[in-house]
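Reader: I have a few quick questions about this one. Can you walk me through it?

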Protein chains: 2
Amino acid sequence: MAPAYKLTYFNVTALGEPIRFLLSYGGLDFEDVRVEFEQWPALKPTMPFGQMPVLEFNGKVAHQSTSICRYLAKQVKLNGQNDWEDLEIDAAADTVNDLRSKLGAYHYESNAAAKAEREGPLFSEVLPNFLKKLDEQAQKNKGFLACGRLSWADLFFAAMLPYLNNMAKKDITGDYPNLRAVNEHVLALPAIKAWVEKRPKTSV
Amino acid sequence: MAPAYKLTYFNVTALGEPIRFLLSYGGLDFEDVRVEFEQWPALKPTMPFGQMPVLEFNGKVAHQSTSICRYLAKQVKLNGQNDWEDLEIDAAADTVNDLRSKLGAYHYESNAAAKAEREGPLFSEVLPNFLKKLDEQAQKNKGFLACGRLSWADLFFAAMLPYLNNMAKKDITGDYPNLRAVNEHVLALPAIKAWVEKRPKTSV
């Protein structure tokens, strides 16, 4: 029988990997379709808003990676126990997205002068301020990002970390032991460990 | 008795207004604290991740505007009726945030050359492609963004529209009748109409 879920994304971790982590965590079998960059121009117009990842389930198509993760989190019981807990977990994931957005605005800037202008403030002020606060949050939550226990926000962070590090050209958790603990908690989960071992090796 | 909810944000619509729309829609009384820009440098270090809006409820503090909206949507019954509907509504809100992000990357670009480079592709390709697909989505959903009926994604869009238009320096829904219908559906809701009439008049 074909897997119930079909994920379509590039052959990289980045925005697809949190979805792959959640499916793996829950033992949900999935077809892991990986689009090569040379196939993308032909495929792009067929994708919702010309973007990936896309998740197919039960004849329906979903897009927007963070929303897909939140949906899967409910299926695998990594969401909150009440509305306020969900808010705290959602906010933690949005904070990871803010981090991605700040790094992306630098990494993907095509104007060399604008990129150079951005570099100093990003690495000397913006990132340290941001990571310090996120590290404090992880400390308060005992090595997790929210609610003092494992939630989908932790998988979201750990799955995205190699991509964030790639954009920063360094391990952004280097000075932040509690953020390293979040990552280690996730990577030590047996289902995640097994997935990371068997997943295709990619440059990002 | 003091209102149960306290919202702290700048004296503008932007990211605070979807929260104000949702509180107003649900008839939830709230303290609408508006920080003037000259107060901000002193206040910024006290805010989670140095950002606003912030919502206080029951002695707890929440940040991240989209997450706050999703929480309030559950309180005022503008969320989905099942997990997949929630995914569709969440994805619609994320798409509005993508639109905001694309416009913001242009509007807030401080490097004049980079800003000029971005302008052509944004207004001749990126925005029209994006808005055309969002308009088709609104048509398919009968003048709403998801599930064929009113959800928090519609309030999110309508509340944010003046800010998006301000960044684009034009009405981005001008060529898109179904997106105008989404906005009109929301602004015609009696509680929203009453809020828009009584809210402080601001430049953005």
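Reader: Which residues of chain A does UniProt list for "domain: GST C-terminal"?

Author: UniProt lists residues 82–204 of chain A, in an unreviewed entry. This is a predicted model, so the next values come from predicted coordinates.

Reader: What is the helix and strand content over residues 82–204 of chain A?

Author: That stretch of chain A is 74% helix and 0% strand. Its end C-alpha atoms are 35 Å apart.

Reader: And where does UniProt put "domain: GST N-terminal" in chain A?

Author: At residues 3–80 of chain A, according to the unreviewed UniProt entry. Over residues 3–80, chain A is 31% helix and 26% strand. The end C-alpha atoms of that stretch are 27 Å apart.

Reader: What pLDDT does chain A average?

Author: Chain A averages 97. At least 70 is reached by 100% of the residues in chain A.

Reader: What ipTM and pTM does the predictor give the complex?

Author: The ipTM is 0.97 and the pTM is 0.98.

Reader: On to the sheet in chain A. What is the strand order?

Author: The order is S2-S1-S3-S4 in chain A. It is an open sheet of four strands, and the pairing is mixed.

Reader: Which are the edge strands in chain A?

Author: Strand S2 (30–35) and strand S4 (60–63) of chain A. Each of these edge strands pairs on one side only. From one strand to the next, the twist averages 20°.

Reader: How many bridges join S1 to S2 in chain A, and do they run parallel or antiparallel?

Author: Six bridges join strand S1 (residues 5–10) of chain A to S2(A), and the two run parallel. To pick one pair, Lys6(A) has Glu31(A) in S2(A) as its bridge partner.

Reader: Now chain B. What is the strand order there?

Author: S2-S1-S3-S4 in chain B, again four strands in an open sheet with mixed pairing. Strand S2 (30–35) and S4 of chain B are at the edges with a single partner strand each, so one side of each has no neighbour in the sheet. The twist averages 20° from one strand to the next.

Reader: How do S1 and S2 of chain B pair?

Author: In the parallel sense, over six bridges between strand S1 (residues 5–10) of chain B and S2(B). Thr8(B) has Val33(B) as its bridge partner in S2(B).

Reader: And how many bridges join S3 to S4 in chain B?

Author: Four. Strand S3 (residues 54–57) and strand S4 (residues 60–63) of chain B run antiparallel. Phe57(B) has Lys60(B) as its bridge partner in S4(B).

Reader: What do S3(B) and S4(B) form?

Author: A hairpin, with two residues between S3(B) and S4(B). In the turn, Asn58(B) has a positive phi of about 60°.

Reader: Which strands does helix H3 of chain B lie across?

Author: Helix H3 (residues 65–75) of chain B lies across S1, S3 and S4 of chain B. H3 runs at about 120° to S4(B).

Reader: What is the peptide bond from Met52(B) to Pro53(B), cis or trans?

Author: Cis, with omega near 5°. Pro53(B) lies in the loop between helix H2 (40–43) and S3 of chain B.

Reader: What is the phi of Lys142(A)?

Author: Positive, about 60°, although Lys142(A) is not a glycine. Lys142(A) is in the loop between helix H5 (112–140) and helix H6 (152–168) of chain A.

Reader: Last topic, helix packing. At what angle do H6 and H7 of chain B cross?

Author: Roughly 95°, for helix H6 (residues 152–168) and helix H7 (residues 177–187) of chain B, whose axes come within 9 Å. H6(B) and H7(B) are therefore roughly perpendicular to each other.

Reader: Which residues make the contact?

Author: H6(B) gives Asp154(B), Leu155(B), Phe157(B), Ala158(B) and Leu161(B). H7(B) gives Leu179(B), Val182(B), Asn183(B) and Val186(B). By class, the contact of H6(B) with H7(B) has seven nonpolar, one polar and one charged residues.

Notes: Residues are numbered from 1 along each chain as its sequence is written. Chains are lettered from A and ligands numbered from 1 in the order in which they are written. This is a predicted model: local features need pLDDT of at least 70, side-chain atom pairs count only at pLDDT 80 or more; totals for chains, interfaces and linings use all residues. Side-chain values use heavy atoms; hydrogens and water are left out. UniProt positions are given in the numbering used here, feature names are shortened, and annotations may be inferred rather than shown by experiment. Axes are lines fitted to C-alpha atoms, for helices over the stretch in contact, and angles run from 0 to 180 degrees between N-to-C directions. Angles under 35 degrees count as roughly parallel, over 145 as roughly antiparallel, 65 to 115 as roughly perpendicular and the rest as oblique. Contact means heavy atoms within 4.5 Å. Ala, Val, Leu, Ile, Met, Phe, Trp, Tyr, Cys and Pro count as nonpolar, Asp, Glu, Lys and Arg as charged, and the others, Gly among them, as polar. Two strands pair if DSSP finds at least two bridges between them. pLDDT is the predictor's confidence in each residue, from 0 to 100.
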